[in-house]
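I opened my notebook to look at how the pieces of this fold pack together. Here is what I looked up, in order.

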Amino acid sequence: MDDANALVDLGLRACEAYDRPDLARRLTVTKRGLADPGIHLVVAGEFKQGKSSLVNALLGATVCPVDDDVATAVPTYVRHGAEPRADLLFDGDPVRREPVALEDVRQYIVENGRQRIAGVEIRIPRQLLANGLIVVDTPGVGGLGSAHAAASLAAISMADAVLFVTDASQELTRSELDFLRQAYQLCGAAVCVLTKFDFYPAWRKIKELNERHLRAAGLNVPLIAVSSPLRARAVKGGDAAMNTESGFGDLVKFVTERVGGGAAARLAADAASEVAAVCDHIASQFEAEKAALADPAAARRVIDELTAAKARVEGLKTAAARWNQTLNDGIADLNSDVDHDLRDRIRKVIAEADDAIERVDPADTWPQMESWLQSRIGYELLANYAQLRQQAAELSERVSEHFREASGEVFDQLAVFNPAPLVTRTRVEHKIELEKMKAGKQAMVALKSAYGGALMFTMLGSLMGVMLGPIGIGIGLVMGHKGLREEKKRQQTQRRSQAKNAMRRYCDEVNFVMGKDSRDTLRRIQRQLRDHYSGLAEELNRSNAQALQAATDAAKRTQAERDQRLRDLGAELDRLRALKQRALAVPA
Amino acid sequence: MSLLDRTRIVLQKAIEVYRGTGHEARLVAVRDRLDEPLRVAIAGRIKAGKSTLLNALVGDRLAPTDAGECTRIVTWYQDGHTYQVIAHPRRGAARQLRFSRDGGAIDIDLAGQRPEDIDQLVVTWPSQELRTATLIDTPGIGSLSEQVSRRAWELLAPDDEETPADAVLYLMRHLHANDLEFLRAFQDTEVSRPNPVNAIGVLSRADEIGVGRVDSMASARRIATRLASDINVRRVVQTVVPVAGLLAETAVTLTETEVGHLRKIAALQPRESEELLLSADRFLEKFPELGLTSMEREALLGRFGLFGIRLGATLLRRGVASTATELSRELAERSGLRELQDVLGSLFFERRDVLKSRSALLALDTLTRGVARPGAETIAAEVEQLVASAHPFNELRVLSSVRAGWVTGKPDVVADLERIIGGSGGATHIRLGLDADAGPADLKATAGEALGRWQRRAENPMTAHELAVAARVAVRSCEGMLADLGRV
């Protein structure tokens, strides 16, 4: 991580020295990303398994409220901050924040909080978080069937790693295993944490059984047994032996090495490729100048060439550019695909619900019906969202491909007309290495900032309560009399149609809210991709313009000046080449 | 004529109608069931502590308990003259099995049969407790092996038959989405709609809620109270009682030796004892000078759990209990077992005739509507007549309507209604909200007041229609109580 930082600093200095504030802007963003990479570690599991206690014990601070009864109701994001502070997060674009006193946080996090909020962000000065780790405490999933399970999975799909929490009171249940399996598919870096081993004497047996279940399910997930009270005591008393005994040593190791380390390596590689690209940009102008200086006869051609390239690069910036069209068309297609998919899914749910209502009496089964409907919808939304995610990544890839093709042509052309062997050699190095910009990454960044999985929680939360309205219960049911059965049948039919209407209203509402949300998400993706590639085009334009300027100036120089300048250029290029080599040495 | 007698007469007529068909034997069995103890099933998710609670209720460690998933076969425990275990295989004739017992639970030799081939086991055991109720231990739902969980479903919600249990104790660890679904399946459809009349919720393993802190039970009680007032829970169980099952089982089977061992821990300094009891592993390894072998420590942990040891040692140290008898009583009280027994008494046993009639009429209703036969229609009509006119059933119906939120009113009025019609227990003093030792004059006066109060509500034109109908049932309940009191 320090290496990457030093590299970016060198790149920034180069930008300043060669007067390229546009490139410096890009590197500044990279630098900020390195300082606060936002590695999300999601803590998930059924409720009352000790998730919040685990987070507190892991961080050695009481940040998440723990209670015997009430459970965590909104996701809590714990991240690093020099001063402890807390913010409430509200849905919106961008997410709205409202500072709140740390000691008041509890009432917002636990069930029956007063306001509907999307989450709580807490910052505390903790070494473990200093590298940009964000620990996300989630509401318990309450059985695979529940709506919250879908929301947790949505959060997990955005996570860098997952801690699945289960306590040592019993072996993994079927619903837990199902959940874990889905979570593992969405996010490969998962660990299963067995909590409360201090309280359950038979924890070793449970651990063994769980290991067997995990193996049988084909899940390559390590299992770590921990005791939060022991860890809390160890941290308080600075007792290293007890810390080892608590099992948190292994967990912290997993978090810092596998979670933090893995993400850090990826970030460092991304940063290095940015620096390499910046080197290419700056070198391109020197190469052009050098070509013009080395052979005055060729100078004119170089200038013509760069002038031609200028037109192309400017074309890259316009709306008519192919990548831009691909993007616009792609987003439009995606919009209609996702919308159609959502409608289709909800139509199926409605048909299923109609069928179910026909078979039962809503008066008896409405609460189950309601939670069934919510969770069913939750899973359909998740699937719909997975489609959006996948198609957005594909689109991002296509856009990047088209941009690369167009920009590649510009530079190829430049090289073909350069007569000097010196310049020919540079042809290979000249191309700005867009390949290293991982395609698809941009879309993910946009999705992450737009979505973050938090939406699912609030979304499902705000749609809780499928109102059935007052149920018609005739007095016949209260006071027995003959002919009960016919009367019951009549009322039942009435209740059924009431239930179907309520269910349809709910589904309409979901369609409306979710449809709007995916349109907004896609718009954000579009904006992000457009800004990104416009920025790249602008950089290319600037590089080209400077090269043109330098080549034009070169034509006016005297021989002595030329020789001097050639020597200087050689030195500059060597420096840039060295920096690039260093950047390329970072393993991707 | 009592409800039980009326039920018996209808059943007798039905036996005549179905004489000579394959259903005769089934009806005879239903009739005989009226004279047997109430059948109470113990159900819940896996590892909810069903077998442990069963042992606590019997006061003997009969059912095997284990850290893994344990009960795989539906097992009946009933009173009898001799000790015997009968296996009813899915196919073929029932056969007696050999069993052994040394110290702990009954160890049944399945004689080479696979558990999945056995439909149910019937353990007959001479026991005072089993004379009041036959207990049915069920495999947990939410079990990893589909087969095992389906068995609990089959027992409590069979597709083609009446449920074998009259009432159910439903163990929940902390409300889980699966729980309600299961409980719902147990509810019948005809005699009295979604029905909180035959189910009690038990917040089992209550000591786990506070992860074994000494104040865990207080926490558990608070949660049980909240659950019992939750609308979704109210619809399906009458009340929720917290019980620390393991401690309850140990309390009623406590030995002198165990108390001796606890005394050694109580003799430690409070700080040392805290260090020792920080974790189960520590208890097994630390303080070699304690004078307990590792075998003894392990046995103690298995019997009491960390919570039980913490609580037991504290009680001995503070002198709250000093003898084994005192400690046993204290632990039974604090484990919530006494409260559960009281609740069982007032909600199930005092109402056993109604519950048993209900099961029988349900069975009859299913049969007459499913199997046509000359005369079956008359029987069906009589069943409906009985169900519609018997006051105890009206009480049940009002109770379930109140519980389902269909009868509404001011909270104190609704609470009064629930109590009068027997929602907290069938005994007169409970219905009137008086102490158990209230004198007849006191009871009579209070019942008279209640009668006047409910007559006014029934006749008040401002009373909502549903509540007015319910009020008439309450009036009838008050009249019944006054009649009973007059007879004494």
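I began with the sheet of chain A: 9 strands form an open sheet with mixed pairing, in the order 4-3-5-2-6-1-7-8-9. I took strands as DSSP runs of E of at least two residues and helices as H or I runs of at least four, numbered from the N terminus; two strands pair if DSSP finds at least two bridges between them.

This is a predicted model, where local features need pLDDT of at least 70, side-chain atom pairs count only at pLDDT 80 or more, and totals for chains, interfaces and linings use all residues. Residues are numbered from 1 along each chain as its sequence is written, while chains are lettered from A and ligands numbered from 1 in the order in which they are written.

Which strands stand at the edges? I found strand 4 (96–100) and strand 9 (223–225) of chain A there, each with a single partner strand, so one side of each has no neighbour in the sheet. From one strand to the next, the twist averages 25 degrees.

Next I checked strand 8 (residues 190–195) of chain A, which pairs with strand 9 of chain A in the parallel sense over 3 bridges. There, A:Ile224 in strand 9 is the bridge partner of A:Val193.

Last, I turned to chain B. The axes (lines fitted to C-alpha atoms, for helices over the stretch in contact; angles run from 0 to 180 degrees between N-to-C directions) of helix 9 (residues 245–252) and helix 14 (residues 324–334) of chain B come within 8 Å and cross at roughly 155 degrees.
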